[in-house]
Amino acid sequence: PAGINATLEGVFSKTYNNINFTNLNRQENETFEFDGVDKRPRYTTSSNDHTKSGYNSAARIDANYEEIVYLQNTNEGYSYNLSFQLQKLFDFGLDASIAYSYGESYDLNSGTSSVAYSNWRYVNQVNGLNNLELSKSNFSPGSRIVGFVSYKKEYMNKSMSTSISLYYNGQSGQPLSYIYNGDMNYDGTTNDLIYIPKQQSDINLVTIPASGNTPAITPEEQWAQLNAFIESDKYLSEHRGEYAERNGARLPFQ
C-alpha cells in the first residue's frame with residue numbers, strides 16, 4: 001500500500017553434524033567438590049594437596065601421553081533469525097528503508113580455533129569440558145536495526161546529479177560470559193563460569209592484606225563492592241543463586 005514494500009522473512013537451521021571435542025586423557029573427579037553452594041565437579045589433579053604450588057594442572061589418565069583429543073560430530077544445536085523490512089521510493093528522488101532482525105544461535109562448541117586442543121580447552125563451562133551443555137553460540141547475532149535515506153537531485157537537463165545519503169546501523173553487543181580469574185576446576189585453563197551469589201554467606205571471602213599504601217580490605221568491604229557490581233548489571237542481578245551461562249550476557253548495544 002502507498003508504494004511501500006514490506007518484507008517478512010524467517011530462517012531456522014537445525015544442527016546435524018556440528019563439531020565437538022572430548023579429551024580422552026582428562027577425567028573429572030566428581031567426588032571432589034566445594035563445601036558451599038557451588039557443587040561443580042573438579043578434575044583429578046597431579047597432587048592431592050591443593051595448598052602446594054602448581055596445583056592448578058589436571059593429572060592425565062595416562063602419563064605417557066599429553067592430550068588425546070577425540071573429534072566427533074554432534075546434532076545438538078540450532079539457530080533462527082527473523083527479519084522485517086519496509087522500503088519506499090518516492091517520486092521526488094527520495095529512497096528510504098528501515099529493517100529489523102533478531103536471531104539467536106546455540107551450540108556445544110563454537111569452534112573458534114584451528115587447533116583441536118584449543119577448541120576443547122577454551123569453552124566456558126560449569127560441569128567440565130567433556131560434559132558441555134547446549135548454550136548460546138559465540139556468534140549469536142541478537143538484534144540489529146539498519147536504516148537509510150537517500151535523496152537524488154538531477155540538474156543541467158538531467159545530465160548531472162547529486163546524491164546525499166544517511167545510513168544507520170545499530171546492533172546487539174558481542175555475547176559475553178562471566179568467568180573466574182583462575183582455574184576453579186583444575187582443568188589447566190581459565191574457563192570456569194562463575195556462581196552468582198545471592199548473599200555474602202554463599203562465598204568465602206577472606207581479608208586482602210595491606211600492600212604498600214593500600215590498606216587491607218575486609219570481607220565486608222569486598223562484599224559491598226561485589227554486591228554493588230552484581231546489582232548494577234542486568235544479567236547478574238536477574239540470575240543470583242545460579243551459575244552464569246555461557247554467552248548469557250552481552251556487551252552494550254552499539
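Buried means under 20% relative accessible area, exposed means over 50%, and partly exposed lies in between (1.4 Å probe, protein chains only). This is a predicted model, where local features need pLDDT of at least 70, side-chain atom pairs count only at pLDDT 80 or more, and totals for chains, interfaces and linings use all residues. Residues are numbered from 1 along each chain as its sequence is written, and side-chain values use heavy atoms, with hydrogens and water left out.

**Exercise 1.** Classify E104 and R250 as buried, exposed or partly exposed.

*Solution.* 
- Start with E104. Its relative accessibility is 4%, so E104 counts as buried.
- Take R250 next. Its relative accessibility is 24%, so R250 counts as partly exposed.

**Exercise 2.** Find what joins the side chains of E104 and R250.

*Solution.* 
- Recall the rule: a salt bridge is a side-chain nitrogen of Lys or Arg within 4 Å of a carboxyl oxygen of Asp or Glu.
- Check the pair. E104 and R250 form a salt bridge, at 3.3 Å from N to O.
- E104 sits in strand β7 (residues 94-107) and R250 in strand β14 (residues 249-250), so the bridge ties together parts 146 residues apart in sequence. Strands here are DSSP runs of E, at least two residues, numbered from the N terminus.

**Exercise 3.** Describe the salt bridge between D107 and R246.

*Solution.* 
- Read the distance: 2.7 Å, N to O.
- Locate the ends. D107 is in strand β7 and R246 in the loop between β13 (242-243) and β14, so parts 139 residues apart in sequence are tied together.
- D107 has 6% relative accessibility, so it is buried. R246 also has 6%, so R246 is buried.

Technical notes:
Helix = DSSP H or I, 4+ residues; strand = E, 2+ residues; numbered from the N terminus.
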